[in-house]
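Thanks for coming. I have one structure to show, and I will go through it piece by piece.

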Amino acid sequence: MLHINQLHKTYPDGTAALRGLDLNASCGIFGLLGPNGAGKSSLLRTIATLQQPDSGQISFNGVDVLQQPQQLRRQLGYLPQEFGVYPHLSCRALLEHIAVLKGLTDRRLRQQQIDELLTKTNLTKVAHKAVANFSGGMRQRFGIAQALLGDPKLLILDEPSAGLDPLERQQLHNLLAQISRDRLVLLSSHIVDDIEQLCRQVAIMLQGQIVLQGDTTALIAPLHDQIWSYSGEPGRLPAQTQLLQRSYLRGVPQLRCYAPACPGEGFSAVTASLQDCYFLTLAAASAQQEQIAC
Ligand SMILES: Nc1ncnc2c1ncn2[C@@H]1O[C@H](COP(=O)(O)OP(=O)(O)OP(=O)(O)O)[C@@H](O)[C@H]1O
C-alpha cells in the first residue's frame, strides 16, 4: 500500500507544484489524471525519491520513503516522461548495464531475467538493435522492461502512451494489464481513455492537489442517466445543462452535456464515462478555486 499525507513541494522559482496532497493506493494499476501542469510528474518524481518534498509523509508497504529512500529504491521501477538512452548501445546491452546498476550482480540470474523481460515486452527479435533507433512503441516497451528489472513492487510510469500510434497503444495496454497483477503500478496520463480502460483506482489532480479519488466504476456510477449528447448546434443550452465537451463527427458538431434530466428535444442519453467525470470535476474544482480567490 502507498500512503501519502500532506505533501508539499515548491520549486526554487516559487512554483508550488504540490500543495498538501493526500493519496492512498493499493495493488493494481492506479491512474493519475490531470491537465498540463497539475503536478503529476512532480508527484511521481517525489515518490521515486528523485526530489525531496518540503514537507509531508510517504510510506510504501510500511517503508518510510523519505527517511529510508534506499529501501524504497530496491522495490522501485521508474519510467520517466522524458526517457533518454545511450545512442550506441543495443537493447540487450543497455538492459545489462541498467541491471548491474540496479544491483543484479549474479550473471546467470541477470541473463535469465533479461531474457524473460525481452519476451514479455516482445523485444527479443530486436534485442541486438540500438534503442536509439527504436520506434516510439518499442522504446516505451524497452522503458517498461528496464523499469521491471529487479521485479519491483512499485512501478511508476509517467505518461507511457504519449506519442504512440493506436496499435502500439493497444500493445502497451496488454503489457500493463499483464504486469500489474502483483504490484502497484502508478500510471500518469492525460489520455482519459487509457486510465478508464486500465485502472480500477483513479485520482484526479489539479493545481498540486487531489480533487477526486476512488474506485473508477464507483466514481462514474452517479452520472448514469445524466449524460446527454446532441448532434448539431442547439443554440442556447437549456437551464441546468452543463456543456462537458464539444467535438466533431465528420464535420458536424457533437455536444456532450451533463443534466439531471433530459434537457429537451434532440438530446439523447449516452453512457457516462470517466471523461465526463473528469470534466465535471475539473469544472467544479476551478469554480471553487475562483470563488476562494474572489
Ligand atoms: N524543476 C522545476 N522547476 C520549476 N518549476 C517546475 C519544475 N518542474 C515542474 N515545474 C512546474 O511545476 C508545475 C507542475 O509541473 P509538473 O510537470 O509536475 O506537472 P504535470 O501535471 O506533470 O504536467 P504535464 O502533464 O504537462 O507533464 C508546473 O507549473 C511546472 O511548470
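Two points on reading the model come before that. This is a predicted model, in which local features need pLDDT of at least 70 and side-chain atom pairs count only at pLDDT 80 or more, while totals for chains, interfaces and linings use all residues. Residues are numbered from 1 along each chain as its sequence is written.

Now the overall picture. The C-alpha atoms fill a box of roughly 70 × 45 × 35 Å along the principal axes. The protein has 9 helices and 14 strands. Helices (H or I, at least four residues) and strands (E, at least two) are DSSP runs, numbered from the N terminus. Of the 294 residues, 33% count as buried. Buried is a matter of counting: 20 or more other C-beta atoms lie within 10 Å of the residue's own, 12 or fewer makes a residue exposed, anything in between is partly exposed, and the C-beta atoms are placed from the backbone. I will also speak of contacts, where two residues have their C-beta atoms, placed from the backbone, within 7 Å. Among contacts between residues at least 6 apart in sequence, 68% join residues at least 24 apart.

An unreviewed UniProt entry annotates residues 2–232 as "domain: ABC transporter". UniProt positions are given here in the numbering of this model, feature names are shortened, and annotations may be inferred rather than shown by experiment. Over residues 2–232 the chain is 33% helix and 29% strand, with 46 Å between the end C-alpha atoms.

Next, the domains. Domain 1 takes residues 2–75 + 152–215, domain 2 takes 89–146, and domain 3 takes 221–293. Those bounds come from an automatic or database domain assignment. The centres of domain 1 and domain 3, over C-alpha atoms, are 28 Å apart. Their contact uses 10 residues from domain 1 and 7 residues from domain 3. On the domain 1 side, helix H7 (192–198), strand S9 (201–206) and strand S10 (209–215) are the elements that give two or more residues. That side has 9 nonpolar residues, no polar ones and 1 charged. In this scheme Ala, Val, Leu, Ile, Met, Phe, Trp, Tyr, Cys and Pro are nonpolar, Asp, Glu, Lys and Arg are charged, and the others, Gly among them, are polar.

What about the inside? A nonpolar core is a set of buried Ala, Val, Leu, Ile, Met, Phe, Trp, Tyr and Cys residues joined through C-beta atoms within 7 Å. The largest one has 62 residues, and Phe30, Ile156, Val185, Leu186 and Leu187 touch the most other members. Another core, of 7 residues, lies apart from it and includes Tyr230 and Tyr258.

Take Ile156 as an example. Ile156 sits in strand S7 (residues 154–158). Ile156 counts as buried because it has 23 C-beta neighbours inside 10 Å. Beyond four places in sequence, Ile156 touches Leu44, Ile47, Ala48, Tyr78, Leu79 and Leu186. Leu186, by the same rule, touches residues including Ala25, Phe30 and Ile156.

In H1, 6 of its 8 residues are buried. H1 (residues 40–47) also gives the most to the shell around the ligand, with 3 residues. Which residues come nearest to the ligand? Of the 14 around it, they are Tyr11, Asn36, Lys40, Ser41 and Ser42. Near means a C-beta atom, placed from the backbone, within 6 Å. The shell has 3 nonpolar, 9 polar and 2 charged residues.

Last, some backbone angles. Most residues other than glycine have a negative phi. Thr49, which follows H1, has a positive phi near 60°. Asn61 is not a glycine either, yet its phi is positive, about 45°. Asn61 lies in the loop between strand S4 (55–60) and strand S5 (63–64). Asn61 counts as partly exposed because it has 14 C-beta neighbours inside 10 Å. Glu159 has a positive phi of about 55°, and its place is the loop between S7 and helix H6 (166–179). With 21 C-beta neighbours inside 10 Å, Glu159 counts as buried.

That is the end of the tour.
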